[in-house]
Amino acid sequence: MLKKVLCCMALGMALLAGGCGSDDEVTNVAGSWNMVANVDFSFTLVLNQDGETITGSMVPIAPAGPTQTISGTIDADDKITFGRSNGSVVYQTYTGSISGGGSTMSGTFTSVGVAGSFAWSATKI
């Protein structure tokens, strides 16, 4: 009987130690980011977040240009995907990984009508 009680207590403690936190939580990426794309282009990326859904804007710094909208998702594995649009047309797709506890992210992007993919990275401001 004592063996069963101790076994149940050990199982309960193991569940409490490893099972209370949710592994399905996504990293908070909301806020402003310094972003560099394809080495030569810099932006301020402003992200809003509602769970796994992100929206926001890319503000070109160098070279300067019009602010454009982004929308996409992040997941519990710290993967991020978003599209950049000029009005209603998504013309670039960004994929990457979040790291540094949510302080950096990087990946590649593709552009409609352009062969290949290009590097991008961002650091939270």
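Q: Before we look at any residue, what does buried mean here?
A: Buried means under 20% relative accessible area, and since this is a predicted model, the word describes the model's computed surface.
Q: So, is Ile54 buried or exposed?
A: Ile54 counts as buried because its relative accessibility is 0%, which is under the 20% limit.
Q: Where does Ile54 sit, and which residues is it in contact with?
A: Ile54 is placed in strand E3, residues 53–62, and, leaving aside neighbours within four places in sequence, its contacts include Val29, Gln49, Ile70, Gly72, Ile80 and Phe82. The C-alpha atoms of Ile54 and Gly72 are separated by 5.2 Å, although the two residues are 18 apart along the chain.
Q: Changing topic, where does Thr27 lie?
A: Thr27 lies in the loop between helix H1 (2–19) and strand E1 (31–37), and with a relative accessible area of 16% it is buried. Beyond its neighbours within four places in sequence, Thr27 is in contact with residues including Gln49, Ile74 and Asp78.
Q: And the aromatic rings, how many pairs are there?
A: The count comes to five aromatic pairs. One of them joins Tyr94 and Trp120 in an edge-to-face arrangement, at 6.0 Å centre to centre and with 75° between the planes.
Q: Which strands hold those two?
A: Tyr94 is in strand E6 (residues 89–99) and Trp120 in strand E8 (residues 118–124), so that the pair links distant parts of the chain, 26 residues apart. Tyr94 is buried at 0%, and Trp120 is buried at 2%.
Q: Which residues make up the ring cluster?
A: Ring pairs link Phe82, Tyr94, Phe109, Phe118 and Trp120 into a cluster.

Methods. Residues are numbered from 1 along each chain as its sequence is written. This is a predicted model: local features need pLDDT of at least 70, side-chain atom pairs count only at pLDDT 80 or more; totals for chains, interfaces and linings use all residues. Side-chain values use heavy atoms; hydrogens and water are left out. Helices (H or I, at least four residues) and strands (E, at least two) are DSSP runs, numbered from the N terminus. Buried means under 20% relative accessible area, exposed over 50%, partly exposed in between (1.4 Å probe, protein chains only). Contact means heavy atoms within 4.5 Å. Rings of Phe, Tyr and Trp (its six-membered ring) pair if their centres lie within 6.5 Å; planes under 30 degrees apart count as stacked, over 60 as edge-to-face and the rest as tilted.
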